[in-house]
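Please read the numbered points alongside the sequence and the model.

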Protein chains: 4
Amino acid sequence: MSFNTFGRMFRVTTWGESHGPALGATVDGCPPGVPIDEGMIQHWLDRRKPGQNKYTTQRREPDEVKILSGVFEGQTTGTPVQLMIENTDQRSKDYGDIAEKFRPGHADITYWQKYGIRDYRGGGRSSARETAARVAAGGLAREAIKALVPGVEITGYMTRMGAHEIDRERFDWDQIDQNPFWVPDAQAAETWAEYLDGLRKSGSSVGAVIEVVAKGIPAGLGAPVYGKLDTDLAAAMMSINAVKGVEIGEGMSAAMLTGELNADEIFMGNDGKPVYSSNHAGGILGGISTGQDLVVRFAVKPTSSILQTRQTITKSGEATEIITKGRHDPCVGIRAVPVGEAMMACVILDHLLMHRGQVGENRGQIG
Amino acid sequence: MSFNTFGRMFRVTTWGESHGPALGATVDGCPPGVPIDEGMIQHWLDRRKPGQNKYTTQRREPDEVKILSGVFEGQTTGTPVQLMIENTDQRSKDYGDIAEKFRPGHADITYWQKYGIRDYRGGGRSSARETAARVAAGGLAREAIKALVPGVEITGYMTRMGAHEIDRERFDWDQIDQNPFWVPDAQAAETWAEYLDGLRKSGSSVGAVIEVVAKGIPAGLGAPVYGKLDTDLAAAMMSINAVKGVEIGEGMSAAMLTGELNADEIFMGNDGKPVYSSNHAGGILGGISTGQDLVVRFAVKPTSSILQTRQTITKSGEATEIITKGRHDPCVGIRAVPVGEAMMACVILDHLLMHRGQVGENRGQIG
Amino acid sequence: MSFNTFGRMFRVTTWGESHGPALGATVDGCPPGVPIDEGMIQHWLDRRKPGQNKYTTQRREPDEVKILSGVFEGQTTGTPVQLMIENTDQRSKDYGDIAEKFRPGHADITYWQKYGIRDYRGGGRSSARETAARVAAGGLAREAIKALVPGVEITGYMTRMGAHEIDRERFDWDQIDQNPFWVPDAQAAETWAEYLDGLRKSGSSVGAVIEVVAKGIPAGLGAPVYGKLDTDLAAAMMSINAVKGVEIGEGMSAAMLTGELNADEIFMGNDGKPVYSSNHAGGILGGISTGQDLVVRFAVKPTSSILQTRQTITKSGEATEIITKGRHDPCVGIRAVPVGEAMMACVILDHLLMHRGQVGENRGQIG
Amino acid sequence: MSFNTFGRMFRVTTWGESHGPALGATVDGCPPGVPIDEGMIQHWLDRRKPGQNKYTTQRREPDEVKILSGVFEGQTTGTPVQLMIENTDQRSKDYGDIAEKFRPGHADITYWQKYGIRDYRGGGRSSARETAARVAAGGLAREAIKALVPGVEITGYMTRMGAHEIDRERFDWDQIDQNPFWVPDAQAAETWAEYLDGLRKSGSSVGAVIEVVAKGIPAGLGAPVYGKLDTDLAAAMMSINAVKGVEIGEGMSAAMLTGELNADEIFMGNDGKPVYSSNHAGGILGGISTGQDLVVRFAVKPTSSILQTRQTITKSGEATEIITKGRHDPCVGIRAVPVGEAMMACVILDHLLMHRGQVGENRGQIG
C-alpha cells in the first residue's frame, strides 16, 4: 500500500506539508556502517534550496536538515534514519485566497474531491517543498552507494527549457554547475537566462526536460517483470511534482526507429567486459542494467501558479477568476534537477540491495 | 519486494516462460461477487493472440485460459484467481543458436549477467508471451471495474508506427477495431499496411506509440506522493516489454508550453460536476484523477529480432554475428495495444479499491 | 520489506532510539476527516509513561507528542501523520558500562552481530521506549476506528504476574484502571503489589501475561490465508519488546481439548445476528472475525536488566560479569498493557480499511 | 496488501481450493542456481500426504507436484517458480449438506459473512489442503537454504496430543520419523496411538502442540522492529489452519520466570563464537537470531469436523443440527508437523536473503 513510501529495501517515506511545522523523510533499510552526517546531506539540499537566484521562488527557507535517528558516532546503524527539515518562512497570510478557489493546474481540486479536506496553505502536501525530503534521502542514498560500489556518478541537467533545447554537440559536463539552469552549455545558459527573464517579468512560466545520467552502474541490477529497473525509474520520476513524461534511453523516439538502428550491437571490451556500439537502450535491457550509462529523461510542466488571470471555480461551485500571487518559480524544472538525481540515487541503491539479497554478487561471467 | 507482482490491493503476479509448459497470472485481492468465466477473459486474450495476421508472429498459440481457482458458480469468491495458459507451439529447436549468443537489444545478456543462468528458449521469462498473462488479468479487472463503477471504457490504439503518425483531425473511434493496427483512421491503416509490409519483407522492424484512454473514471483516484495514479500508470506501462517512454496527457511536450497554455481552466458543468477547458493534464492533477479522460501514451521500441546480420558476442566472450530467424513481429507495438489496455484496467481497479479502503466513497463535494 | 513498518493500509513506521533527540511514528494511510489533536493522543501516552509509580522505571520522560503533519484544523487530511516525541531525560552517562559488555537477555549482542555497530545507549533502537511511538499511533487508530465503527472498545489487563494468576471468577472490569497493574481484581492488586515490592527490592524482575479484548468488532474482518486477522494480531503482539508467546482465544490450551469441547456452537440471536455458545475461538474463525469479542493474550518475559551479577562476554570476546544498574522496570509487562491495546487498535483499523477496500460493506447476510 | 502472499524477498503466494481443479504456490524471489526438481519437492509433500495411516483423512490424493516455471535444466533461474498440485479425489457429493449449514468451529460462517459467496465444497479456500502448497514451497526453500548456509536442519515433532505431553527426559530425535505422530519417544507413540484410536472411534478429535527446531542458523538474522525473526515466525505459524497459539523459546511460561532464571548467560565458546548457559530465548534476542537453535511451538485446535451432533444455523438463519461426516483427521495436528517445518524454512530463507540484502555478510565480529 504505502502511498507515501518509495522503494522496496531502501524505503523512503516522506511526510509533511508546505506550511506545517516541519517535513521530512523516514528512511528504512539503509545498510549499516555508512559514514554520514548532517553536512553531507545539507550539501545536496543546498542545491535545491529556494531563493538562490531570481529564477526560483523567493521563499527563504534555510532547509536545514536534522538527523533524529539511525546514526551513531557518524555512521548509520541499520535502523530508521529520520531526516527532518523545519519550515521557517511560512507566511500563511499569502495563501488566504486559495482556501476557497481551486487553482487551475494544481492539486487543489483533486485533493478536495478525494479527501473532502485539504491543507490549502501553499499547496499543503502537494507542494514542491515535499521534494526537499527526497533530496535529503537521496543524499543518504548517495553515501550508501559509495560504500557499496565506488565510482558511481549521478548527474542531472536540463536539456530543454520551453522552446529551447540543448545542442548535444556543445555538451560540456563542466558547465553544469556553472549556471542556474544546470545546462551543460555556457552559451545556452545565457540565452536561457534572457528567455526566462522575459517569461518571469510577464508573469508566465515554462516547462523543462531534465536528463539524469548514472555512470559506473554494475550490470545486473533490476528484475523482471514488474521490478524492472526502468519501471522503478519511471515511477520514481513520475512521482515528482509536475512531471508528465519519462523516457529511458531513446525514449519516445524509439518509436521512430527501425530494429537495425535501435538495437545496440555488442562487442568485447579490452577489460573483458562487454561494450556496445551505442546506447539507445539507456543502459537497460529487459529491465536489467547492462553496465552502460543509465539515461533517464523527464518532462516538467510549466508552473501552474502564474500572474495571469485564469478561470476557475470555488468550493461552492461558483465561477470565478484567480491570479496566483505569492512566491513561485517561473520554471519549476530548474529545482527538479537535484530532485531527479535524488530519485535516481534512491532507485539505484534499492536495486543494489535487492540484487545482493536475491543473487549475492553478480553470477554470470562472460568469457 | 515482489519482483513479479504488480498492484497494491488488486495484486497480479505473473509467472511462466515462453517455452515452459504454461504461464499465467495469480490474482489476489479481487472483490468477491464479480461475474466471470473463461469466455469473458478469452475475449481479451484473442485480441492479443499471435498469428492472426501477417503482421504478428506466426507462432500458433491458442492462448486458451483456464481458471483454476477463486471462481465459484460463475462469480469471484474474493480468494486468489489463478489464470493459466498452456504453451502448445513451443518449437524449441528454433532457438538452439541463441543458447550461446546474446541477441542485441534483447535481455539475453543481462539475464545472464544477473542470474548466471537463463532459459534461453524464446527469451524465457523476458518473452512477450508474458504479456498474455497481463491481458488475462486485465480481463478480470475490467469485469470488476464494471461491477464497481458502471460506464468505464478503456480503449487503446496506435498513434504512431515508425515514421507515420496519426492525424488527430481524422480520428475515428469506430475504426480502431477495423484494422490490424488498431489505428483510429481507415486511411492510415492502409498506408501503414503498405509501410509495414515493406519492412517485414526486408527483415526489418519498427517502433510504435500506443495511446490508452479511460473514460468514465471518477474524480479522486490516486494518492500522494508515491502512490500517484500517474506514477502507477507510468510503472505499469514501462513494465511492458520493449517500452522506452511513458507520457501522461501532454507528456514530454508539456516542457514546451507556458503556464497559461498548459493549465486547464475549470468551469462548472451543467450536471454539477467540474468541467475543464482542455485536458493537458491527461485527467490527473497532483496524482489524483480529475474525472476527465485518463490519457496515457507509451513508446515501444522496434522488435530487436530482425533478419539482418548483427554483431554480438558469445557467452565465452568471443565476437560473432547473429541473424535472428524464427517467428517475430515486425512491429511488436501492435500486440502491445491490448496489453496497455490491460495494464490500465489493473491500475484503475487497484486505485478504486484503495480509494474505497482509505476514504470510502468520495467525500469532497463541490457546490 | 519494511522492517520498521507495520500494517498494510494503515501503515505505522516507527523510528528513533532511546537516547537520540527524538522518536516517533510516521503514520500513512489514515482515513481523512478523523477528529484528532495532541491531547487525544497524549491521553494514551500518559498511561504508558514511565515513572508514574515505584513499579516502573524512574526515568522521567514527559513523553509529549507533537503532531508535525497530516492534521489540519483538527482533522486528519489523509496524508502522513508524523507523531514525534522528544527525549528529554537521557542521562547517557548511566550507560557507559554497556558499550563494551553484552547484557544477557538483551539485544546488545545480536545487534552487534547483525550490524557491526550499535547505539548502546539505553538499548538504542531495541529499547522499550520505541513502544511510546506505537502507543501514539494506537491513539490515532482508536479515533479513526471510532469514526468508522462506533462502539468498539479495546481493553488490556494483566492476567498473570510471575507466580500469580488472576481468578476469573473475581474478574471486575471496573478495577482495571484502579491499580498500577491493570489487574481486574482489587484483591489481586494488593497481593501483586506486595509480591513485586519484594522482587524489586531484591533486584530481581518477573514476567507477565497480558490479555487484550476488543468488543464491538463487526464480523468479516480478516482475510485468508496469510492476511488472517489472527496472523496479524500474532505478529503485532510478538513484535512488542520481550514478548515470547501469543494466544488467540483458547490459545495453547486448545491442544488439550476435544473437538466437541472446543468448537463454539452457533445460534441465532434475537437481533438477527449469530450468537455462540462460547468463545474458544477468541472471535476468529478461519482468520476472519465472527463478531464475538476478539481475545488475544501475550506473555512478556521478565526484565533482563537486573541488579544481580550475571556472566557475560565483552565485544573483544573476554569473559566478564555484569550488573545492570540504571532505571528499570521490575515487571516490564505492566507498561506492555497500553502497548498491547495500541497494537490491537492498529490491526483492527488496518483490517477495517482493507475489508472496505476489497469488499465494501459486509455482503453476506444471514437470514 | 497481499492477503495470500507470505514473505518479503522469498515470497510465496498460495492459491486454490479444496475441490477446484488444482492448487499451488507461486514463489517469487528465489535465488537463481538452486538445484531442484519435482522429486525433491515431492519428498516433503509425501510426508504431509493424507491417507497414509488410519489417523489421517482417508481422502486419497497423490499430491503430485508439477513445476510449471522458473526452473531450467535442473536449477532455479531466479524467476517465479509455479508449483501446481492437481486435485484428483474431490468427491463433491460428500459435501452437499454444508452448502446451507455452517459447521461450528469452521470458517464457513465467516467466509459467508465477509464475502457473501463461498466455495463450500470441502471448506474451499479454508481447507487444510491449502497447506500442501506451503509444503511444496517449503521444499524449495530448504534447497535454497542449503545452497546458502550448509548444515541447517529443520525438524518438527509433536510435544502434546490432547491430554498427553512428551517427557523431555525421554526425548529421542531418531524416533521422530518412526511413528505416525512424529513424536520423539517410542513409548509415547504407543500410548498416543491407543488414545487417538479411542477418540477416532468415538467420532471425536483432539488438539496438539508442535515444536519446530532449526539448527545451524547463523547469528544476525531478523530485524527490528516489525521485521523481527520471531514476529515473522509467529505470523507464519499462526497463519496455518487451526493454530491458536505460538511460542518462541520459553513461550507463555516466560511470564512465570524471574529475570535471573530467564536471561541466558553468555560465554565464549572454544570455536570463538558465543555460547549460552541455556536457551530460554529460543534462539532470538531483540528479534535477531543468536546462533542458538531456533525453537518455535504452536498449538493446533482439535478438528472441528466431528461425528457428533452440534447445534448450528443455516444461511437463512434457522436453527439446525449438524454432524460432519466425510473424511477427517481425528488430530489435524499430525499433518501440521511438516507444514510447520515448511513455514520455518520459508521464514529462514526470507531472512537470509533480507540480511544479505541490507547488510551483506555478517559484520559484527566478537573477539
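1. Basis. This is a predicted model, in which local features need pLDDT of at least 70 and side-chain atom pairs count only at pLDDT 80 or more, while totals for chains, interfaces and linings use all residues. Residues are numbered from 1 along each chain as its sequence is written, chains are lettered from A and ligands numbered from 1 in the order in which they are written, and side-chain values use heavy atoms, with hydrogens and water left out.

2. Aromatic pairs. Over all chains, the structure holds 28 aromatic pairs (Phe, Tyr or six-membered Trp rings with centres within 6.5 Å; planes under 30 degrees apart are stacked, over 60 edge-to-face, the rest tilted). One of them joins A:Phe181 and A:Trp192, a tilted pair with 6.4 Å centre to centre and 55° between the planes. This pair links distant parts of the chain, eleven residues apart: A:Phe181 is in the loop between β9 (164-165) and α4 (186-201) of chain A, and A:Trp192 is in helix α4 (helices are DSSP runs of H or I, at least four residues, and strands are runs of E, at least two, numbered from the N terminus). A:Phe181 is buried at 0% relative accessible area (buried is under 20%, exposed over 50%, partly exposed in between, with a 1.4 Å probe and protein chains only). A:Trp192 is also buried, at 1%.

3. A cluster in chain A. Ring pairs join A:Tyr157, A:Phe171 and A:Trp173 into a cluster.

4. Arginines over rings. C:Arg142 lies over the face of C:Trp44, 3.6 Å from the ring centre (CZ of Arg or NZ of Lys within 6 Å of the centre and within 35 degrees of the ring normal). In chain D, the charged end of D:Arg142 sits over the ring of D:Trp44, at 3.6 Å from its centre.

5. A buried arginine. C:Arg103 is in the loop between β7 (81-86) and α2 (108-115) of chain C. C:Arg103 counts as buried, at 4% relative accessibility. Leaving aside residues up to four places away in sequence, C:Arg103 touches C:Ile98, C:Asp108, C:Gly123, C:Ser305, C:Ile322 and C:Thr324 (contact means heavy atoms within 4.5 Å).
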